[in-house]
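Here's a friendly walk through one protein chain for someone meeting it for the first time. Have a look at the model, then read on.

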Amino acid sequence: MPNGNWILGDLFLKDFGHEGSIAKLWEMRWKFPCKLGVYPFHDGKFEDFEPIFTHLIANNINDPFSDDYTEAFLPTARNLTQQAQDLTSKDKSTARALYLRANAVFRLSRFPYIDTPLKQTAFSEQKSAYLQGASLWDVPITETIIPHAHAFNGDDNTIPLYIRKPPAPDLSQRYSSSPASTATARIIPSARVSISSVGGQPSSATSPVRRKTALRIGGIPYRQIDCSRRS
């Protein structure tokens, strides 16, 4: 924020045509990305969000900073979380998808930022849903809480660290079962062929042709090379 101004400048103050109206925000800005499943609706489903915005519009709830706005999302998010929990031991793939859908709904419930106790609750439930889903991945995410020894001016006294550690590589696959020390060479037996003389007339002379192949090293298939020459 150089010179006390936001980097985006006047864009923070620009009227995009939907200020103060959830109906306009939904129709003009959010409905299309929601159908595509892109930000801020990534991991979510249109079928989860459409009834929520229908409720907001019907009840004239236009202030996203209000608890009324947040409360409109919570039943859907919590229901998706419960469905995921019920399926965790039966169908992990479906459970993972449901947890991500719940996470997406919780995320929108705390927009535009966390400034009330209810939005803080929604954020905590969002993290819980996401981590429950992430625990079902082949490579799960784990949470480690680090004490914030230098917390200052209202900082939280802990720092969460989220870790996803890939499995160690299988080094046995890096080398061929045929080491270079066992490399072999194969000689194709000499063959006698007729050599034509100048003018295209056959010559009575014959000459052996020697052909060799490249070495087979480290399990890499050899490539046959014609090393023919007259002797």
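Residues 24 or more positions apart supply 46% of the contacts in the chain with a separation of 6 or more, a contact being heavy atoms within 4.5 Å. What you're looking at is a predicted model, where local features need pLDDT of at least 70, side-chain atom pairs count only at pLDDT 80 or more, and totals for chains, interfaces and linings use all residues. Residues are numbered from 1 along each chain as its sequence is written, and side-chain values use heavy atoms, with hydrogens and water left out.

**The overall layout**

The chain has 5 helices and 5 strands, and along the sequence they follow the pattern α-α-α-α-α-β-β-β-β-β. Helices (H or I, at least four residues) and strands (E, at least two) are DSSP runs, numbered from the N terminus. Of the 231 residues in the chain, 24% are buried. Buried here means under 20% relative accessible area, exposed means over 50%, and partly exposed is in between (1.4 Å probe, protein chains only).

**How the helices pack**

Here are two helix pairs side by side. Axes are lines fitted to C-alpha atoms, for helices over the stretch in contact, and angles run from 0 to 180 degrees between N-to-C directions.

| Pair | Axes | Angle |
|---|---|---|
| α2 and α3 | 10 Å apart | about 155 degrees |
| α3 and α5 | within 11 Å | roughly 20 degrees |

The angle for α3 and α5 makes that pair roughly parallel, while the one for α2 and α3 makes them roughly antiparallel. For these labels, angles under 35 degrees count as roughly parallel, over 145 as roughly antiparallel, 65 to 115 as roughly perpendicular and the rest as oblique.

α2 passes α3 in a right-handed crossing, whereas α3 passes α5 in a left-handed one. A crossing is left-handed if the near helix is turned anticlockwise from the far one by less than a right angle, and right-handed if clockwise.

Which residues of α2 meet α3? They are D48, F49, I52, F53, H55 and L56, and they meet Y69, A72, F73, T76 and L80 in α3. The residues of this contact divide into 8 nonpolar, 2 polar and 1 charged. Ala, Val, Leu, Ile, Met, Phe, Trp, Tyr, Cys and Pro count as nonpolar, Asp, Glu, Lys and Arg as charged, and the others, Gly among them, as polar.

**A84 and its surroundings**

A84 sits in helix α3, residues 67–87. This alanine counts as buried because its relative accessibility is 0%. Leaving aside neighbours within four places in sequence, A84 is in contact with A95, L98 and Y99.

**Loop details**

A cis peptide bond joins Y39 and P40, with omega about 0 degrees, and P40 lies in the loop between α1 and α2. Another cis peptide bond joins F111 and P112, with omega about -5 degrees; P112 is in the loop between α4 and α5.

N60, in the loop between α2 and α3, has a positive phi of about 55 degrees although it is not a glycine. Is N60 buried or exposed? N60 is exposed, with a relative accessible area of 59%.
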